[in-house]
Amino acid sequence: MSVNPKIESQDTLKHKISISKDAPKHHVASINTKEDNPFNFVRVLLEGAVAGAAAGVVVESALYPLDTIKTRLQAVRGGGQIILKGLYSGLAGNLAGVLPASAIFIGVYEPTKQKLLKICPENLSALAHLTAGAVGGAASSIIRVPTEVVKQRMQTGHFASAPDAVRLIVAKEGFKGLFAGYSSFLLRDLPFDAIQFCIYEQLRIGYKLAAKRNLSDPENAVIGAFAGAITGAVTTPLDVIKTRLMVQGSGNQYKSISHCVSTILKEEGPSAFLKGMGPRVLWIGIGGSIFFGVLEKTKQLLAERRPTDSNKLD
């Protein structure tokens, strides 16, 4: 049975007008979803970028010493001792990279996640979260890898400042030196990002269904801490490999990921792949709490501004 599109559009318009007269203002904003769709991607991307940048900077500033200790534990070979001085070494340069990297990650993750959730069946939401986490990690890696290389070289005492680190790395190793360990970084971070965000999102979904309400800030923080700690523990061996490849410099004692793995096994044994697990789990657990807490709060504050802007169109 066919319907005259003109009659349908007039009826729809009358329906909208009648609702706008009788219903509260916030209901009107929810009607015009089709008109808003062309702008949704840009809005979600920008809001995600702002929230991600805020969360990333707060976490790095608060927990940088733990990250430094973890890096030094993983970098030292055999029974060497680590130095507990200069635990904030390289923080300023790291923040300069973390801010855009976190913005890109969440800016890509959020719209990718929302798009996949619309496509995937409800029972496959975990797959959407896993994929979105990996896509966000891949997109931000172009900034995260050079940032990580410079940070870890400074944490292990190779350089005194970020500008010196960049200049000398490029001079000795070429531009590719800033991307040392790139493949191992992806090997660690793509599974890490996918698993952490999947655990976090799935726990939030389950908790919301059980509680039948939105979660509070402390609840988001606790779920974030749990997701971070679990993911940090299971990806520690990958992190050890990544650290060794990134801090080796121009000496190139490890020729590839497989060579790195075989050398560590031969010289130090399997237990070497668990180096730094304690501070890593502590760092990422606390970091997950802060990151997701700040992320959700920032997203909430940005969302509260949307109705005012959209109502101007009514």
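What share of the contacts in the chain with a separation of 6 or more is accounted for by residues 24 or more positions apart? I looked this up and found 76%, a contact being heavy atoms within 4.5 Å.

**Basis.** I am working from a predicted model, in which local features need pLDDT of at least 70, side-chain atom pairs count only at pLDDT 80 or more, and totals for chains, interfaces and linings use all residues. Residues are numbered from 1 along each chain as its sequence is written, and side-chain values use heavy atoms, with hydrogens and water left out.

**Whole chain.** I noted 12 helices and 0 strands; helices (H or I, at least four residues) and strands (E, at least two) are DSSP runs, numbered from the N terminus. The chain has 314 residues, of which 42% are buried; buried means under 20% relative accessible area, exposed over 50%, and partly exposed in between (1.4 Å probe, protein chains only). For the accessible surface I recorded about 16,200 Å², with 66% belonging to carbon and sulfur atoms; the areas come from the Shrake-Rupley method with a 1.4 Å probe.

**Helices α7 and α9.** I next looked up helix α7 (residues 182-211) against helix α9 (residues 236-247): their axes come within 9 Å and cross at roughly 155 degrees. Axes are lines fitted to C-alpha atoms, for helices over the stretch in contact, and angles run from 0 to 180 degrees between N-to-C directions. The two helices, α7 and α9, are therefore roughly antiparallel (angles over 145 degrees). On the α7 side I listed Ser184, Phe185, Leu187 and Arg188, which meet Leu238, Asp239, Ile241, Lys242, Leu245 and Met246 of α9. By class, the residues of this contact are 6 nonpolar, 1 polar and 3 charged; Ala, Val, Leu, Ile, Met, Phe, Trp, Tyr, Cys and Pro count as nonpolar, Asp, Glu, Lys and Arg as charged, and the others, Gly among them, as polar.

**Helices α9 and α10.** How far apart are the axes of α9 and helix α10 (residues 257-268)? I noted 10 Å, at an angle of about 105 degrees. Hence α9 and α10 are roughly perpendicular (65 to 115 degrees). Val240, Ile241, Arg244 and Leu245 of α9 make the contact with Ile257, Cys260, Val261, Ile264 and Glu268 of α10. I counted 7 nonpolar, no polar and 2 charged residues there.

**Gly157.** I located Gly157 in the loop between α5 (125-155) and α6 (162-173). Is Gly157 buried or exposed? Gly157 is exposed, at a relative accessible area of 61%.

Definitions and conventions
Parallel < 35°, antiparallel > 145°, perpendicular 65-115°, else oblique.
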